[in-house]
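Open the model in your viewer and keep the selection tool at hand. We will go from one stop to the next.

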Amino acid sequence: MDISDAELILRDATINSDGTYTILRLGQDPGVEALHSLYSALHLIRRRYADDQYIPHQIAYYCGIILNFASECLQNLKSKEAAKHLFYSVYDLEMAAFNTLAGRIADEWSV
């Protein structure tokens, strides 16, 4: 996967009606491979833009969708009694989106 592929995966996952994150928002399982692909795309995007002073607005928008709708994902997954791994996937994607926006600053803090 190159950066163009990663950006397309992130875009499609968040704004398409059949996108990985959209499916997760509906409380459904998009599949392990789709979740892994989205997480990997976020990781690659983060590495690409980590040292830049800014990231493209579209990338910030897609990451914002993940951050903004994480609680909706969790509520819908809970109401559908979804598998536990999906809850962890939401948390992982939320953190990956935040880290993408934060860049190298995210490397400086620990919990």
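**Stop one: the core**

Start by selecting Leu10, Tyr21, Leu24, Leu42 and Leu93: of the 29 residues in the largest nonpolar core, these touch the most other members. Such a core is a set of buried Ala, Val, Leu, Ile, Met, Phe, Trp, Tyr and Cys residues joined through side-chain atoms within 4.5 Å. Two or more residues each come from α1 (3-15), α2 (20-25), α3 (32-49), α4 (57-68), α5 (70-79) and α6. The most come from α3, which gives seven residues. Helices here are DSSP runs (H or I, at least four residues), numbered from the N terminus.

Before going on, note that this is a predicted model: local features need pLDDT of at least 70, side-chain atom pairs count only at pLDDT 80 or more, and totals for chains, interfaces and linings use all residues. Residues are numbered from 1 along each chain as its sequence is written, and side-chain values use heavy atoms, with hydrogens and water left out.

Now pick Leu24 and show its contacts (heavy atoms within 4.5 Å). Not counting residues up to four places away in sequence, Leu24 touches Pro30, Leu35, Cys73, Leu77, Leu86, Val90 and Leu93.

**Stop two: helix α3**

Which residues of α3 are buried? Select Leu35, Leu38, Ala41, Leu42, Leu44, Ile45, Arg46 and Tyr49; buried means under 20% relative accessible area, exposed over 50%, and partly exposed in between (1.4 Å probe, protein chains only). These buried residues pack against α1, α2, α4, α6 and α7 (105-108).

**Stop three: Thr14**

Move to helix α1 and select Thr14. Thr14 counts as buried because its relative accessibility is 5%. Its contacts, leaving out residues up to four places away in sequence, are Tyr21, Thr22, Tyr62, Ile65 and Ile66.

**Stop four: Glu81**

Next, go to the loop between α5 and α6 and select Glu81. Although not a glycine, Glu81 has a positive phi of about 50°. Most residues other than glycine have a negative phi. With 72% relative accessibility, Glu81 counts as exposed.

**Last stop: Met95**

Finish in helix α6 (residues 84-102), where you will find Met95. Its relative accessibility is 38%, so Met95 counts as partly exposed.
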